[in-house]
Amino acid sequence: MKTSRQQRIIQMLSDREWLTTDTLAEQLDVSKETIRRDLKGLQQQGKIVRHHGRARMIHPDNRDGGEPFGARLKSHYADKVDIARHALDYLTEGMTIALDASSTCFQLARQLPDINLTVFTNSLPVCHEMAKRERITLICAGGTLDRKYRCYVNPSLGALLKDVEIDLFIFSCEGVDENGAMWDPAEQSATFKAQLLKRAIQSLLLIDKSKFQRSSEVKIGSLSQVTQIITDAHPSRR
């Protein structure tokens, strides 16, 4: 029954962009808790995305459902600026830090003082900001520019990182689900973050309250891999 019910859920989602837990429970005549367990299983199989009591299907030929950088820059703008400001407390002169291509890290880059730092990044906007700082050494990940996310995609990233000692990796993500898994919408973005998490001595996740209890297309890793977190979310919402 579980297998047939999950197959029915996939069929229902294939015809709709989003369906709520309540709607699925009503149409399948089962409890909401049963639907939640089914959706959790389908998410772990990489077939659906869950977000605030609703779900949508992941289509294999279109696994990149993330918003463009410009749209993300406007979302929760004040929260991201404040979170980025708190991240400055973790930086000291002489460090080598890595920044991802998130809009929150861009807000951090805009606030970075011109001090003796080395910054490694795959973000085009962050590169533009760092070019204004004469004392900061900038290392760009290079590769092919993804215009949607304003980031560079470099299949040789692993080899490049062998020559860079990262003291602190600062990043954000599309969402963190109830099991502590971190998610992103695009394969190249998730791969970059997964590699930096393993490479860096320490890591700092910058995440606003809208991203908890939320998943996406590609799993990055687990919160247990992260050294520190800065967020505006109330503890009960994490």
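Against which helices and strands do the buried residues of helix H6 pack?

**Figure 1. Surroundings of helix H6 in the predicted model.** The buried residues of H6 pack against helix H4 (69–74), helix H5 (77–87), strand S4 (96–99), helix H7 (124–130), S9 and strand S12 (202–207). Helix H6 spans residues 103–111, and seven of its nine residues are buried, so the helix is largely enclosed by the rest of the structure. The buried residues are Ser 103, Thr 104, Cys 105, Phe 106, Gln 107, Leu 108 and Ala 109.

**Figure 2. Aromatic cluster of four phenylalanine residues.** Ring pairs join Phe 120, Phe 169, Phe 171 and Phe 192 into a cluster. The count of aromatic pairs in the model comes to three. One of them is formed by Phe 169 and Phe 171, whose ring centres are 4.8 Å apart; their planes lie at 5°, so this pair is stacked. Both Phe 169 and Phe 171 are buried.

**Figure 3. Edge-to-face pair of Phe 169 and Phe 192.** The two rings are 6.3 Å apart from centre to centre, with 75° between their planes. Phe 169 belongs to strand S9 (residues 168–171) and Phe 192 to helix H9; the two residues are 23 residues apart, and the pair thus links distant parts of the chain. Phe 169 and Phe 192 are both buried.

**Figure 4. Open three-stranded sheet with the order S10-S11-S13.** The strands of this sheet pair in antiparallel fashion. Strand S10 (175–176) and strand S13 (218–222) are the edge strands, each pairing on one side only. Strand S11 (residues 181–184) runs antiparallel to S10 and is joined to S10 by two bridges. Val 176 has Met 182 in S11 as its bridge partner.

**Figure 5. Packing of helix H9 on the sheet.** Helix H9 covers residues 187–199 and touches S11 and S13. The direction of H9 makes about 15° with that of S13.

**Figure 6. Arg 54 and the ring of Trp 18.** The charged end of Arg 54 sits over the Trp 18 ring, at 4.0 Å from the ring centre.

Technical notes: Residues numbered from 1 in each chain as written. Predicted model: local features only at pLDDT ≥ 70, side-chain atom pairs only at ≥ 80, totals over all residues. Heavy atoms only, no water. Pairing = 2+ DSSP bridges. Helix = DSSP H or I, 4+ residues; strand = E, 2+ residues; numbered from the N terminus. Contact = heavy atoms within 4.5 Å. Axes fitted to C-alpha atoms, helices over the stretch in contact; angles between N-to-C directions. Phe/Tyr/Trp six-rings, centres within 6.5 Å; stacked < 30°, edge-to-face > 60°. Buried < 20%, exposed > 50% of the residue type's maximum accessible area, 1.4 Å probe, protein only. Lys NZ or Arg CZ within 6 Å of the ring centre and 35° of its normal.
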